[in-house]
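Please look through the fold below before reading on. The paragraphs that follow go from the whole chain to single side chains.

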Amino acid sequence: MRYRLTFMAGLGVGYVLGARAGHQRYEQMKKAAREFAQNPAVRNAAESAAQSSREIAGRALHVVSDKVGDRMPDAVAERVRSLRERSRGGEDDWGTSNT
């Protein structure tokens, strides 16, 4: 019984100390991630990647809609047309109801 009690006490102390050390390490990692994200070079790279992906997605939309064409349901075809108009500077009707 004495060994079991000693083991349980050691387990409890180890848990508390480990949790405290783990929390400190978590805070260090969080601070490093925040500093990394605020770096101007990283922000510029992320914005550049986002812009490139938008352009590629727009081109992919046009290629897919050209290939699929009339086989799309009318509602989907109408939405694709609205996206094309929007990419050319027109208004977009996503999220509006036609009732």
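Of the 99 residues of the protein chain, 6% count as buried, where buried means under 20% relative accessible area, exposed over 50%, and partly exposed in between (1.4 Å probe, protein chains only). The chain exposes about 8700 Å², and carbon and sulfur atoms supply 59% of that area; accessible areas come from the Shrake-Rupley method with a 1.4 Å probe, and for residues only the protein chains shown count as cover.

This is a predicted model, in which local features need pLDDT of at least 70 and side-chain atom pairs count only at pLDDT 80 or more, while totals for chains, interfaces and linings use all residues. Residues are numbered from 1 along each chain as its sequence is written, and side-chain values use heavy atoms, with hydrogens and water left out. The chain averages a pLDDT (the predictor's confidence in each residue, from 0 to 100) of 79, and 85% of the residues score at least 70. Confidence is highest in α1, at 86, and lowest in helix α3 (residues 74–87), at a mean of 74. Where pLDDT is low, the predicted coordinates should not be read in detail.

The secondary structure comes to 3 helices and 0 strands, in the order α-α-α along the sequence. Helices (H or I, at least four residues) and strands (E, at least two) are DSSP runs, numbered from the N terminus.

Helix α1 (residues 2–37) holds both Glu 27 and Lys 30, 3 residues apart, about one turn of the helix. An α-helix has 3.6 residues a turn, so residues three or four places apart point the same way. The two side chains meet in a salt bridge at 3.9 Å, N to O; the term means a side-chain nitrogen of Lys or Arg within 4 Å of a carboxyl oxygen of Asp or Glu. A search of the whole structure finds 1 salt bridge. Glu 27 is partly exposed, because its relative accessible area is 33%, and Lys 30 is likewise partly exposed at 35%.

Phe 7 is also found in helix α1 and counts as exposed, at 54% relative accessibility.
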